[in-house]
Amino acid sequence: MAEQRTQSSRLWLWVGAAVVVVAVFFLARSLLRERLQVRVAQAQVEGLTSTVSTNGKVEPEQNYQFYSPLATTVKQVNVQTGDTVPAGKLLIVLDDVAARAQVAAAESGVKSAQAALDAATHNGTQQEQQAAQADIAREKLDRDQDQANLDALTKLAASGAASSSEVAAARQQLDAANTGLHASELSAHDRYSQPEIARAQAALTDAEANLAAAEKVESQTMIRATAPGTVYSMDAAPTEFTEAGKLLLEMADLRRERVRAYFDEPDLGRLAVGQPISIKWDAKPGEEWTGHIVHMPVTVVTYLTRTVGEVLVQIDGAHAGLLPDASVTVTVTTASEPDALSVPREALHIENGKTYVYKVNGDELERTQVTTGTYNLTSQAILSGLKEGDWVATGSISGQPLQEGVPVKVEQ
């Protein structure tokens, strides 16, 4: 009995010793194991604004451009850059000698075409009509004479004084006269066919169009303001020669301007009509203009080396100082959350379409799935998965990848 108790005591002694050895082993392993040094950040509530920036061009809402209608000389310039002018103001006068010559030639062409159409619709000109009537009268006299000759020969043949061949020849002569008279009468009434009349009508239409074009060119040699505005670009001087189609002057109401912003294709899905816009111009540092999106693009285009959508931005309120064609920087606010729980964006990891972070749990990392919201260049809103005050790893000091369960040493 005493021997059994001795053996039982030894067994428990060995078990206790084994437990102590295992505990010492894991304690030593825990103490001696190298800890991964990580940088951390704390989830905190803050205002988070998401923005997208790009470049743009200032342009008038309604721009008026005036071109030289022909190659000529500038005779007179009545304005200079910066002038504000009323509608109807005479801006530039061009030499119109060539334009007036074109009008005169076009008017002559219209008269010729009109005369040709009148002739076609009235069976010829007055001279042709008179000549036709004279031909008909002469042919009628010839026919009547041939009829009288036939009647006389017929009577002579009845008495044997004329031969049957003479009568036949006289009859042929009369038939020929009748045929010629009939042809002349038809020609006098239907000298021109319907296709010929249509061609004459088309020629008149073309001549009238040429006259209208020539008159328009002549009128454009007197360049007037079509609406009130400010002259902001001019390339014309008295006695200076100008080529046809050259841009001479641009004007607009500079109180009504907008910005054409060029947003990269991937950013277009974040934009919407009405979103606020901030506008800055390097020529005036420290100044800022505001606006909002009024028109989204219906297609993407190639702009330099980029694929962009052209977004129109209306400038709010007074916007004095922004010049047409100025290159500006525009920043659109796509989302704003005043009280967003956020972490640095470098703390986020994505795998198989799911987003997660490594939360610091004691002295180890715990992989935690999160739902994200608004973001900006540095921070990301967290909708679920974390709470305010949680610490998350943003990376390791050594550059080693983060893993769940790895013991860490925090470096803030």
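The legends below describe close-up views of a predicted model. Residues are numbered from 1 along each chain as its sequence is written, and side-chain values use heavy atoms, with hydrogens and water left out. Because the model is predicted, local features need pLDDT of at least 70 and side-chain atom pairs count only at pLDDT 80 or more, whereas totals for chains, interfaces and linings use all residues.

**View 1. Strand β2 and its antiparallel partners, β16 and β11.**
Strand β2 (residues 44-60) pairs with strand β16 (residues 327-344) in the antiparallel sense over 13 bridges, where strands are DSSP runs of E with at least two residues, numbered from the N terminus, and two strands pair if DSSP finds at least two bridges between them. Within this pairing, Thr49 has Ser336 of β16 as its bridge partner. Strand β2 is also joined to strand β11 (residues 257-264) by 6 bridges, again in the antiparallel sense, and here Asn55 stands opposite Tyr262 of β11.

**View 2**
Strand β4 (residues 72-77) and strand β6 (residues 90-94) pair over 3 bridges, and Gln76 has Val93 of β6 as its bridge partner. Leaving aside residues up to four places away in sequence, Thr242 touches Ser68, Leu70, Ala71, Thr72, Val74 and Leu248, contact being heavy atoms within 4.5 Å.

**View 2. Salt bridges, including a link between distant parts of the chain.**
The count comes to 12 salt bridges, each defined as a side-chain nitrogen of Lys or Arg within 4 Å of a carboxyl oxygen of Asp or Glu. One of them joins Glu61 to Arg256, with the closest N and O atoms 3.5 Å apart. This pair links distant parts of the chain, since Glu61 is in the loop between β2 and β3 (63-67) and Arg256 is in the loop between β10 (247-252) and β11, 195 residues apart. Glu61 is partly exposed, with a relative accessible area of 32%. In another pair, Asp390 and Lys387 have their closest N and O atoms 3.2 Å apart; Asp390 counts as buried at 11% relative accessibility, whereas Lys387 counts as exposed at 53%. Glu59, Arg258, Arg260 and Glu310 are linked in a network of salt bridges.

**View 3. Helix α5 and the residues that pack against α2.**
Helix α5 (residues 194-219) has 26 residues and should span 38 Å at 1.5 Å a residue, which agrees with the 37 Å between its end C-alpha atoms; helices are DSSP runs of H or I with at least four residues, and the expected span is 1.5 Å times one less than the number of residues. The buried residues of α5 are Ile197, Ala200, Leu204, Ala207, Leu211, Ala214 and Val217, and they pack against α2 (97-121).

A search of the whole structure finds 2 aromatic pairs, a pair being rings of Phe, Tyr or Trp (its six-membered ring) whose centres lie within 6.5 Å, with planes under 30 degrees apart counted as stacked, over 60 as edge-to-face and the rest as tilted. Tyr356 is buried at 9%, and Tyr358 is buried at 7%. The charged end of Arg367 sits over the ring of Tyr356, 3.7 Å from its centre, under a rule that requires NZ of Lys or CZ of Arg to be within 6 Å of the ring centre and within 35 degrees of the ring normal.

Note on methods
Buried means under 20% relative accessible area, exposed over 50%, partly exposed in between (1.4 Å probe, protein chains only).
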